[in-house]
Amino acid sequence: MSEKVKVKVSEKAFKPEKSAPEPIELPVIAMRGIVLFPKMVLHFDVGRAVSIRALNAAVQGDRKILMVAQKDTGDDEIKSDMLYSVGVVASVKQILKPQDDVLRVVVEGEYRAKILETTSLDPYIRARCLEYPMHLLRRGNSILCEALMRTVKDYFEEYCSLSPKMPREFVMGVFMSDDPVYIAEYIAGNIPMSVERKQAILEQNSPTKRMEQLISLLEGENQILSAEQEIQEKVREKIDKNQREYYLREQMKAIAEELDEDENPENEVEEYLKKIEKLGLSPECREKLEKEARRLYKMPSSSHEAGVVRGYLDTCLELPWNKKTKDKLDVEKARAQLDRDHYGMKKVKERITELIAVRKLAPDIKGQIICLYGPPGVGKTSVARSIAKAMGRKYARLSLGGVRDESDIRGHRKTYVGSMPGRVINAVKLAGSQNPLILLDEIDKLGSDFRGDPSSALLEVLDSEQNIAFRDHFIELPFDLSDVLFIATANDLSTIPAPLLDRMEVIELSSYTREEKFHIARKHLIPKQLHRHGLTARQLSLKKDAVYALIDSYTREAGVRSLEREIASVMRKCAAKIAAGECEKLSADAAKITELLGTPKYKPDELDSFDQAGVVNGLAWTSVGGELLQVEVSVLKGSGKIELTGSLGDVMKESAQTAVSVVRRIGAQYGIDPDFHKDCDIHIHFPEGAVPKDGPSAGITIVTALVSALSDTKVRHDVAMTGEITLRGRVLPIGGLREKTMAAYRNRIQTVIIPKQNEPDIEDMEPVVRETLALKPVSAIEQVLEIALLERPKPLASEQPAADPDPVLLPPAGLGGAGASCSLPQ
């Protein structure tokens, strides 16, 4: 290619072109980053809908389409002033569809055209255009044109030498042509340059000026390529120099080792000894570390054992020996901090303020180990961080879920390759304090296998009598953990080994009630999500009914995680509307929530608004709050069979059998045939049969439904009840009263019958629930029936006047509370 090619100007440049046709109207494709030239075959992808419609219109016609470059490639919406005025009329040769929304097109440029006017922008761009022919060369300009073509080919030859990856057919195509128009367009269309430069060459009518422009561009590109080659050469030389220096250094190191002139580790050991002295350790710890430092002095510095000793010394010296933070002992400020970060959690806040008050009076108190137990999403993990902030302590978190190796807690012995300290010591090191707050997250999800039992390893960590000298397998030194405040979290206490559970003070966090979720959403979740989505309270406000709609219709959980996700979903949709300019601000109510999130996921319980016989409203506790649980009884002619349906557990079935026996004992007082158990089949059903149910707390509900159905007496539809029943008709206490009464309040129940022994639990109820509901403590089934039935049925004629009911015997504290639950996963 070094030989000069003789250039002869083609006679085509002097022949008059045919007369220009009349203006025509063609569909237009706006090209981003591409300029098409005449006689150029182009493969490209079409993805914009407006361009696909234009392409379809061209194919349905004469397959002609106007290809025009777009000025700003970043604009998706196309306007007439965004396009250059000169383009190329092309013929569509082939269309492929590799993807659903993308077309791969092959077109061939035919001639230049100038846009006269844009006639349409929708559904695709159409424009009236006129062929834009080149100016003819004058006969006297042939020498100038030949000189320009030679210069172009010389610069192009230099460009090819600097850019060796040029295709051979492209290079030969340039040198074999003698048409100045073709050469300019062929080179400009196939070498990388900006759209503006290519468009300038396309719009130029004079062949000589085109060649001059191309010469200027090629000269600039050649200078840039030359500079790039020089830079690459310098970088290559520098890399070679660095490799040479590295090689020489390695040789010098080998020579120094042969001559026994390697660096003396004495300075390194002296530095370690100074650090050990500054820590003020106990004699045992100091002697151990000094011994390891002196061992390091005797080892070759590059040996593996020396690296192990250095790692051991560095880890031990990084531990916060005798470094403690000062506790904040202001009880009121701590209470204010906890109230500011979390709503509710009365028991947790009381326990922490008590802890701070005791520490204020007795600073040397040890062994503070608390376990926060409750369902997921109620804030157990986040409240631990707030406690650390309120007490002014450093915070570290240990995630114990799925941990199965005892070495994760105690560490690995340093003789093993890749050994490291355990999670507890590592958490103390990261906290940088000897008295941090360490959160043992998900302690109930510890596992065990052939590698050991990590829960057993935690026994020493959480024992205030032993952790004063906790020995990690890696550091092998006694470290005082007695000043650490350990807070564990758990969802299920049954999976925690009894010895480990015995070392912790358990504080139960029950599921949030509807009102608590409302306040948490208004005070914490909504402001947090507004900030996260770049919105302000002026731009978006959620009305009271909107928040309740999110709680009742789109979430069913114990905590507020799903509620926060739904709030975030509402924020995203509103942010999209505001960003799109559809509105400046939004005020969302319940109807707007349904519009944004679609059909509600959960529907509220539909209660009958009329009194009927055999249907009674019960109350159940679930892990996600209280629920209304109706009991239906149907009495049919038969042989005394008792049918129980509704996916009931063994305890609930036994409670139903007990209820039948109670009705047989007191039935005559309410006009019930004593032989009903012989002549009638009784079907007791709990709706929502797919949901498992268990627990004794539906006892009085079943008795009331049986008495109502057998005596054909209606039960008040606005009454709900909960309580365990005994064979003698006594009503025993149950658990979960706070959640159950909230369910009654949510379903607009007016009267709730509760066991008399649950009266102390009324203080734990929400104030709005205590004020709204009429709570009726009872101790015997006769009192329940007196309240629930619309009228007392007449006793049988043979029935004597009823004597005083059996005296009510109070069971020991806590009787019946543990089993008073119903597992309704709503």
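The second largest cavity has a volume of about 30 Å³; a cavity is a set of points on a 1 Å grid over the protein atoms alone where a 1.4 Å probe fits but cannot get out, and a volume is the space filled by probe spheres set on the points, which are joined across faces, edges and corners. The model is predicted: local features need pLDDT of at least 70, side-chain atom pairs count only at pLDDT 80 or more, and totals for chains, interfaces and linings use all residues. Residues are numbered from 1 along each chain as its sequence is written, and side-chain values use heavy atoms, with hydrogens and water left out.

**Second largest cavity**
- Its lining residues (an atom within 4 Å of a point) are M31, I34, V35, L36, M67, V68, A69, G87, Q199 and L202.
- Two or more lining residues come from each of β3 (64–69) and α5 (195–203), and β3 gives the most, with 3; helices (H or I, at least four residues) and strands (E, at least two) are DSSP runs, numbered from the N terminus.
- The lining has 8 nonpolar, 2 polar and no charged residues, where Ala, Val, Leu, Ile, Met, Phe, Trp, Tyr, Cys and Pro count as nonpolar, Asp, Glu, Lys and Arg as charged, and the others, Gly among them, as polar.

**Largest cavity**
- About 70 Å³ of space lies in the largest cavity.
- Strand β16 (residues 615–622) supplies the largest share of its lining, 3 residues.
- The lining divides into 5 nonpolar, 4 polar and 2 charged residues.

**Helix α17**
- After α17 comes G534, with a positive phi near 70 degrees.

Conventions
1 Å grid on protein atoms, 1.4 Å probe; cavity = no way out; pocket = protein on both sides within 12 Å on 5 of 7 lines; lining within 4 Å.
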